[in-house]
Amino acid sequence: ATNGFRQTPLSCPGHTRPVVHIHFSGINKDGKFYFISASKDGKPMLHQGDTGDWIGTFEGHKGAVWGACLNEDGSKAATGAADFTAKIWNAVSGDELLSLSHKHIVKTVDFSHDGKDLVTGCNDKFIRLYSLEEGRSD
């Protein structure tokens, strides 16, 4: 049965261990969008949203990366990993911008819609909300 949707299977090689999470950005002002993949290989990867082409790999975690997300315009990435950290990255340059220590494995991360906050979910059963604006405290 067909549902009227166009299906375009894409193969995106690169990970050496199972992929555990994928997240799309919104469409930016240039009409582009991206997705990020988290993997047990500890190397989240950024891909072109329409083709799946590899753009880059965020290197810096020690252990499986369980969660990954992009902010709305795809300019920043966040990752959560088995090394008890959540990291924020410049998705354009690949540079690590911030590392947030946790007491256990970070399983999930997400930006607020305006990109001013990050929320993390951890194996210690806590959800943490971080303000990403300087001078603002929640």
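1. Let's start at G14: setting aside neighbours within four places in sequence, G14 is in contact with D41 and M45, where contact means heavy atoms within 4.5 Å. G14 sits in the segment before β1 (19-24). Strands here are DSSP runs of E with at least two residues, and helices are runs of H or I with at least four, both numbered from the N terminus. G14 is partly exposed, at 45% relative accessible area; the scale calls a residue buried under 20%, exposed over 50% and partly exposed in between, using a 1.4 Å probe and protein chains only. From G14 to A86 the separation is 72 residues in sequence and 22 Å in space, C-alpha to C-alpha.

2. A word on what you are looking at: this is a predicted model, in which local features need pLDDT of at least 70 and side-chain atom pairs count only at pLDDT 80 or more, while totals for chains, interfaces and linings use all residues. Residues are numbered from 1 along each chain as its sequence is written, and side-chain values use heavy atoms, with hydrogens and water left out.

3. Strand β7 (residues 85-90) is mostly covered, with five of its six residues buried. β7 runs antiparallel to strand β6 (residues 76-81), and five bridges join the two; strands count as paired if DSSP finds at least two bridges between them. Across this pairing, T79 stands opposite K87 of β7. The hairpin of β6 and β7 has three residues between the strands, and F84 in the turn has a positive phi of about 70°.

4. β7 also pairs with strand β8 (residues 96-101), again in the antiparallel sense and over five bridges. Here A86 stands opposite L100 in β8. Five residues lie between the strands of the β7 and β8 hairpin, where G94 takes a positive phi near 85°.

5. Now for the charged pairs. Side chains of opposite charge can pair when their charged atoms come close. A salt bridge is counted when a side-chain nitrogen of Lys or Arg is within 4 Å of a carboxyl oxygen of Asp or Glu, and the count comes to three salt bridges. One of them links K87 and E96, whose closest N and O atoms are 3.3 Å apart. K87 is buried, at 7% relative accessibility, whereas E96 is partly exposed at 38%.

6. T120 has R128 of β11 as its bridge partner. R128 also meets D124 in a salt bridge, at 2.8 Å from N to O, and D124 is buried, with 16% relative accessibility.

7. Finally, E133 and K116 meet through their side chains in a salt bridge (3.9 Å, N to O). E133 lies in the segment after β11 and K116 in the loop between β9 and β10, so the pair ties together parts that are 17 residues apart in sequence. E133 is partly exposed at 32% relative accessibility, and K116 is partly exposed at 35%.
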